[in-house]
Amino acid sequence: MKRNVEDIKKIEEILVAAHRTKSNFAVTQDWQERVMEHICQIAASKIQINDDRVFGKIIWRFATAVSVFAGIFLLYAINTDVNHESVMVNMFLNDPLNLIVSQIVSP
């Protein structure tokens, strides 16, 4: 057990010493630009792939929800015999304060 603890302490000391010493590497401006371009390309490709997947999932979920709603509304319309004329007649006949007629007639 002491051997493992001693090995870990030695490794930690070596890593701390390596971290404290600053090494200056000579790199050219061209190399730095190529590295930054590569990093930007990697980041842009990951973002684009993720956006396409999320957008596709949203579209298909929305299409499914709209289809289900259209089907339910169609079944409701067939069962209750909904049409525009009967709805308009019911609106005029069931308007106790004549609000609809007064809104149409008033300028």
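Student: Which residues make the nonpolar surface patch of about 360 Å²?

Tutor: Phe25, Val27 and Trp31 make that patch. Keep in mind that this is a predicted model, where local features need pLDDT of at least 70, side-chain atom pairs count only at pLDDT 80 or more, and totals for chains, interfaces and linings use all residues. Residues are numbered from 1 along each chain as its sequence is written, and side-chain values use heavy atoms, with hydrogens and water left out.

Student: What makes a group of residues a patch?

Tutor: Patch residues have over 30% relative accessible area and no salt bridge; like charges are joined within 9 Å, nonpolar side chains (Val, Leu, Ile, Met, Phe, Trp, Tyr) within 5 Å. Areas come from the Shrake-Rupley method with a 1.4 Å probe, and for residues only the protein chains shown count as cover.

Student: Why is phenylalanine 25 called exposed?

Tutor: Its relative accessible area is 71%, and exposed means over 50% (buried is under 20%, partly exposed in between; 1.4 Å probe, protein chains only). So phenylalanine 25 counts as exposed. Phenylalanine 25 sits in the loop between α1 (2-20) and α2 (29-80); helices are DSSP runs of H or I, at least four residues, numbered from the N terminus.

Student: How do you know that aspartate 30 and arginine 34 form a salt bridge?

Tutor: Their side chains meet at 3.5 Å, N to O, and the cut-off is a side-chain nitrogen of Lys or Arg within 4 Å of a carboxyl oxygen of Asp or Glu. Both residues lie in helix α2, 4 residues apart, about one turn of the helix.

Note on methods:
Helix = DSSP H or I, 4+ residues; strand = E, 2+ residues; numbered from the N terminus.
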